[in-house]
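Thank you all for coming. Please have a look at the sequence and the structure on the screen, and then I will take you through them slowly.

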Amino acid sequence: MKKERLALAYDRKHYKIALNDILYIEGLRDYIRIHTNDEKIMALENMKDILEKLPSQFIRIHRSYIIPKDKIKVIDGNQIVMKSGNVLPIGET
C-alpha cells in the first residue's frame with residue numbers, strides 16, 4: 001500500500017498532509033516548515049527524521065530543503081526552479 005499522507009502533530013494540533021500537496025520542506029534548526037499551495041505548517045521535527053517518514057519520491061537537495069522530485073521544473077547550476085516558481089539552492093554534496 002502506498003503512503004499518501006504525512007501525519008504530524010505540533011502545538012496541540014494534528015495535521016494530515018497529502019503528499020501531493022507538499023511543494024517543499026524547509027528545515028529550521030529543530031523545526032521544519034512544510035510549504036503547500038494553501039499553507040505553511042510548522043512542526044517540531046528534524047530533517048533526517050522527516051526524510052525517513054517520506055517515500056522515495058522526496059529528495060534532500062540541501063541541508064535545509066527536501067523536495068518532491070515531480071515538482072522540479074529546471075535544474076539551473078546550483079539551484080532548482082520548482083513548478084510553483086520557487087527557487088531553492090542545491091547543496092554542495
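This is a predicted model: local features need pLDDT of at least 70, side-chain atom pairs count only at pLDDT 80 or more; totals for chains, interfaces and linings use all residues.

The chain exposes about 6400 Å² of surface, and carbon and sulfur atoms supply 44% of that area; accessible areas here come from the Shrake-Rupley method with a 1.4 Å probe, and for residues only the protein chains shown count as cover. Residues are numbered from 1 along each chain as its sequence is written, and side-chain values use heavy atoms, with hydrogens and water left out.

Staying with the surface, 34% of the 93 residues count as buried, where buried means under 20% relative accessible area, exposed means over 50%, and partly exposed lies in between, with a 1.4 Å probe and protein chains only.

Now the overall form. A compact globule of 93 residues would have a radius of gyration near 12 Å, and the chain, with 13 Å, agrees with that; the radius is taken over C-alpha atoms, and the globule rule is 2.2 Å times the number of residues to the power 0.38. Along the principal axes, the C-alpha atoms fill a box of roughly 40 × 30 × 25 Å.

The chain has one helix and 10 strands, and along the sequence they follow the pattern β-β-β-β-β-α-β-β-β-β-β. Helices (H or I, at least four residues) and strands (E, at least two) are DSSP runs, numbered from the N terminus.

How many aromatic pairs does a search of the whole structure find? There are two, and in one of them the ring centres of Tyr10 and Tyr31 are 5.9 Å apart with their planes at 85°, so this pair is edge-to-face. For Phe, Tyr and Trp (its six-membered ring), rings pair if their centres lie within 6.5 Å, and planes under 30 degrees apart count as stacked, over 60 as edge-to-face and the rest as tilted. The pair links distant parts of the chain, since Tyr10 sits in strand S1 (residues 5–10) and Tyr31, 21 residues away, in strand S4 (residues 31–36). Tyr10 is partly exposed at 27% relative accessible area, and Tyr31 is also partly exposed, at 31%.

Finally, Gly77 lies in the loop between strand S8 (72–76) and strand S9 (79–82), and with 66% relative accessibility Gly77 counts as exposed.
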